[in-house]
Amino acid sequence: RGKFLACSAFPKCRNTKPLPDAEVPGVQVTKIICEKCGRPMQVRFGRRGPFLACAGYPKCKACADVPDDLEVKVPDPPA
């Protein structure tokens, strides 16, 4: 689930590894810490606009509103 790396020899080789969020384009990691698990919060975009979500998702499903003083970088639309 989510972004991942896969072997170039697909379909013979089905080896995959998850791509860390820091390397996923469009994910903005903040210095705000999750109150539930202590991991950093990330800026995500939903149908209602930007919000903060825990980097530990899906184990930690904490979310919060984006503070007014946080500068949100809007990702480029997919090509």
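How many residues lie between E4 and E5 in the hairpin that they form? Two residues separate these strands. Strands here, like helices (H or I, at least four residues), are DSSP runs (E, at least two residues) numbered from the N terminus. The model is predicted, and local features need pLDDT of at least 70, side-chain atom pairs count only at pLDDT 80 or more, and totals for chains, interfaces and linings use all residues. Residues are numbered from 1 along each chain as its sequence is written, while side-chain values use heavy atoms, with hydrogens and water left out.

Strands of a sheet pair through backbone hydrogen bonds, either parallel or antiparallel.

The pairings can be followed along this order. E3 is joined to E4 by three bridges, and Gln 28 has Val 43 in E4 as its bridge partner. These two strands also form a hairpin, with six residues between them, and Gly 38 in the turn has a positive phi of about 90 degrees. Between E4 and E5 there are six bridges, including the one that pairs Gly 46 with Gly 49 in E5. Two bridges connect E5 (residues 49–54) to E6, where Cys 63 stands opposite Ala 53.

The largest nonpolar core has seven residues: Cys 34, Met 41, Val 43, Leu 52, Cys 54, Cys 60 and Ala 62. Such a core is a set of buried Ala, Val, Leu, Ile, Met, Phe, Trp, Tyr and Cys residues joined through side-chain atoms within 4.5 Å. Strand E4 (40–46) and E5 are the elements that give two or more residues to this core. Apart from neighbours within four places in sequence, Leu 52 is in contact (heavy atoms within 4.5 Å) with residues including Ile 32, Met 41, Val 43, Ala 62 and Leu 70.

Cys 54, at 2% relative accessibility, is buried (under 20% relative accessible area with a 1.4 Å probe, protein chains only; exposed is over 50%, partly exposed in between). Cys 60 is buried too, at 8%. The structure holds zero disulfides, a disulfide being a pair of cysteine sulfur atoms within 2.5 Å.

Terms used:
Pairing = 2+ DSSP bridges.
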